[in-house]
Amino acid sequence: PLGVADSIGIRADLDLAALADALPSRSPLLAQARQQVQASEFGLLAAGGRRWPQLTLVAGLNYFQSDVGPFFQVFNTIPVFTQTFGPTVGLQFNWTLFGGGTLRRAIVSAKINASLARLREESLAQAQGAELLRAWQSYRQQIELLAIEEENLGVARRNADVALERFRIGASAPLELREAQNALLLAETRRAATQFEAKVAETTLLRITGQLGQDVPEAAPAP
């Protein structure tokens, strides 16, 4: 038979400090921003390197073969077969003395790109931190509401048990039993809805910090 769980597993021990520490290293958005910063810094280094002389090593291998064919073999002065083979090595020296301001504009543009990339990374880090704090507040609120709904459900179950026992011994009317059962059903519905919202808040926290499907540090025990 197909079994359906009547509750949702919720982690109530997530630690804000541990999540905040993991955010810079595990957030996919921050990782992408750091890569953009590194790429812009490499571009700046490459643009600045064009101001200096460049010495390039050039190496190659030459191979040549010629066969004039049997038709020209009647002439002793024409070689029938020629073949040359040998490596070549050289150096190239380049130094741009004047480029019409192109190099300077390229360096300025690379500096601007690097500064913008760093600003985007800082702005994204602040936005991610604010999003983490909002998600944490929502998570803690749902955890507290879930504890209240669990307590209310326990009270509703006890009241339903009492109402059922009173009905069995004839001490109450069917209406009283029906009201207790309806209150139990509503308590179970509210508990399920709160569990769902708490799970959404938990998933949001783990998504922001890039820890979905991974082991998450538990909250430190209170002293």
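Author: The protein chain has four helices and two strands, and from the N terminus on these elements run α-α-β-β-α-α. The model is a predicted one, in which local features need pLDDT of at least 70 and side-chain atom pairs count only at pLDDT 80 or more, while totals for chains, interfaces and linings use all residues. Residues are numbered from 1 along each chain as its sequence is written, and side-chain values use heavy atoms, with hydrogens and water left out.

Reader: What makes a stretch a helix or a strand here?

Author: Both are DSSP runs, numbered from the N terminus: a helix is a run of H or I with at least four residues, and a strand is a run of E with at least two. Helix α3, for instance, covers residues 102–168 and has 67 residues.

Reader: Why is E149 called buried?

Author: Buried means under 20% relative accessible area, exposed means over 50%, and partly exposed is in between, with a 1.4 Å probe and protein chains only. E149, which has its place in helix α3, is at 14% relative accessibility and therefore counts as buried. Over the protein chain of 223 residues, buried residues make up 22%.

Reader: Which residues does E149 touch, and what makes its link to R190 a polar contact?

Author: Contact means heavy atoms within 4.5 Å, and, not counting residues up to four places away in sequence, E149 touches R190, R191 and T194. A polar contact is a pair of N or O atoms within 3.5 Å; within protein, one must be able to donate a hydrogen and the other to accept it, and residues adjacent in sequence count only if both atoms are side-chain atoms. The side chains of E149 and R190 are joined at 3.4 Å, and the pair is a polar contact.

Reader: What makes R118 and E41 a salt bridge?

Author: A salt bridge is a side-chain nitrogen of Lys or Arg within 4 Å of a carboxyl oxygen of Asp or Glu. The side chains of R118 and E41 meet at 3.6 Å, N to O, and the pair qualifies. R118 lies in helix α3 and E41 in helix α2, so the pair ties together parts that are 77 residues apart in sequence. The structure holds eight salt bridges.

Reader: Which other salt bridges can you set against that cut-off?

Author: Among them is the one between R166 and E176, whose closest N and O atoms are 3.3 Å apart. Since R166 lies in helix α3 and E176 in helix α4, this pair ties together parts that are ten residues apart in sequence. Another joins E202 and K199, again with the closest N and O atoms 3.3 Å apart; these residues are three apart in helix α4, and they are therefore separated by about one helical turn.

Reader: Are E202 and K199 buried or partly exposed?

Author: E202, at 5% relative accessibility, counts as buried, whereas K199 is partly exposed, with a relative accessible area of 28%.

Reader: Why is L29 called partly exposed, and which residues does it touch?

Author: L29 is at 45% relative accessibility, and therefore counts as partly exposed. Placed in helix α2 (residues 28–49), L29 touches L124 and Q128, not counting residues up to four places away in sequence.

Notes:
The expected span of a helix is 1.5 Å times one less than its number of residues.
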